[in-house]
Amino acid sequence: MNRLEQQVQTVCKAHDCDDLFKHLIAVAQASKSLAKQVGADQSKAYIAGLLHDIGGIFPNEERIDKARAFHLSLFKEELDLPMIIHQKLSKVLAKQEFEIADDDILSAICCHTTLKANPSLLDKTVFLADKIKWDGAGQPPYLSDLLDALSISLSEGCLFYIDYILTHDIKVLHPWLLAAKASLVDEVANK
Ligand SMILES: Nc1ncnc2c1ncn2[C@@H]1O[C@H](COP(=O)(O)OP(=O)(O)O)[C@@H](O)[C@H]1O
């Protein structure tokens with residue numbers, strides 16, 4: 001294990017989050033391999049994957065207070081569904097605790113749940129790697145359709161997942177998710 005992986009493991013252990021650590025390693029590896037496939041920066045993808053969910057060390061019920069303590073601005077949708085705040089908390093921890101200063105990596109961490117308007121290649125790579133290596137049981141129900149869409153393009157893969165979540169069990173319409181969809185629809189239409 002490299003130094004960053006060891007640091008992440010130590011923090012996860014201290015918060016009784018061993019499963020979280022396994023998910024972080026799986027997403028880091030998937031991000032790197034997807035980055036290679038689509039021509040994104042593999043090293044940045046690995047680091048973003050490794051830290052994308054580190055905000056998960058804070059339980060859902062603490063996320064609003066933590067966000068306020070870090071002076072983060074929150075959407076109404078995040079107050080309604082605090083689970084989603086973990087992407088912003090992960091960015092703060094990546095910066096403050098793990099000394100990540102690279103804006104590309106911080107961006108990919110911060111939008112890995114919802115994506116956002118005009119997502120970068122790295123944003124889309126980490127977003128989809130997380131959906132491929134989800135932290136649910138077994139294989140994700142959407143996996144085979146997502147991989148089919150991904151075989152067309154990274155943006156088609158992202159668009160497929162956004163449409164999937166919008167039609168399955170969506171609890172709040174996060175503004176970044178809607179903005180990401182609009183950007184991707186434009187991008188795919190103008191190809
Ligand atoms: N707006 C939403 N409403 C309901 N469920 C959501 C919403 N946004 C994300 N989810 C679901 O919450 C889970 C965790 O999201 P995600 O951040 O993508 O995974 P991870 O915790 O691995 O980073 C996923 O199953 C995702 O589909």
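A: Helix 7 is mostly covered, with six of its eight residues buried; buried here means under 20% relative accessible area, exposed means over 50%, and partly exposed is in between (1.4 Å probe, protein chains only). Before going on, a word on the source: this is a predicted model, where local features need pLDDT of at least 70, side-chain atom pairs count only at pLDDT 80 or more, and totals for chains, interfaces and linings use all residues. Residues are numbered from 1 along each chain as its sequence is written, and side-chain values use heavy atoms, with hydrogens and water left out.

The buried set in helix 7 is Ile105, Leu106, Ser107, Ala108, Ile109 and Cys110. These buried residues pack against helix 3, helix 6, helix 8 and helix 11, where contact means heavy atoms within 4.5 Å. As for what counts as a helix, helices (H or I, at least four residues) and strands (E, at least two) are DSSP runs, numbered from the N terminus.

Now the start of the helix. There, a side-chain oxygen of aspartate 102 comes within 2.9 Å of the backbone nitrogen of aspartate 104. Aspartate 104 itself lies in helix 7 and, at 41% relative accessibility, counts as partly exposed. Follow aspartate 104 across to lysine 44: the two are 60 residues apart along the chain, yet their C-alpha atoms are separated by 7.7 Å. Not counting residues up to four places away in sequence, aspartate 104 touches Lys44, Leu122 and Asp123.

Go off the other end and you're in the loop that runs from helix 7 (103-110) to helix 8 (121-132), which is where threonine 114 sits. Threonine 114 is buried, at a relative accessible area of 2%. Its side chain makes a polar contact of 3.0 Å with the side chain of glutamine 87. A polar contact is a pair of N or O atoms within 3.5 Å; within protein, one must be able to donate a hydrogen and the other to accept it, and residues adjacent in sequence count only if both atoms are side-chain atoms. Setting aside neighbours within four places in sequence, threonine 114 is in contact with Ile84, Gln87, Phe127, His174, Trp176, Leu177 and Ala180.

Leucine 115 is buried, with a relative accessible area of 0%. Asparagine 118 belongs to that loop as well, and its phi is positive too, about 45°, although it is not a glycine. Asparagine 118, though, counts as exposed at 65% relative accessibility.

Glutamine 87 leads us over to helix 6, where it is one of the buried residues, along with His86, Lys88, Leu89, Ser90, Val92, Leu93 and Ala94. Eight of the eleven residues of helix 6 (residues 86-96) are buried, so helix 6 is largely enclosed by the rest of the structure. Its buried residues pack against helix 3 (42-51), helix 4 (63-69), helix 5 (76-80), helix 7 and helix 11 (175-189).

Finally, step back to the whole protein chain. Its secondary structure is eleven helices and zero strands. The radius of gyration is 16 Å, close to the 16 Å that the globule rule gives for 191 residues, so the chain is as compact as a globular protein of that length; the radius is taken over C-alpha atoms, and the rule is 2.2 Å times the number of residues to the power 0.38. Along its principal axes, the C-alpha trace spans about 45 × 40 × 35 Å. Buried residues make up 47% of the 191 residues. Among contacts with a separation of 6 or more, 57% are between residues 24 or more positions apart.

Leucine 24 and glycine 49 are 25 residues apart in sequence and 6.3 Å apart in space, C-alpha to C-alpha. Leucine 24 is buried, with a relative accessible area of 0%. Beyond its neighbours within four places in sequence, leucine 24 is in contact with Val8, Cys12, Gly49, Leu50, Leu51, His52, Asp53 and Ile54.
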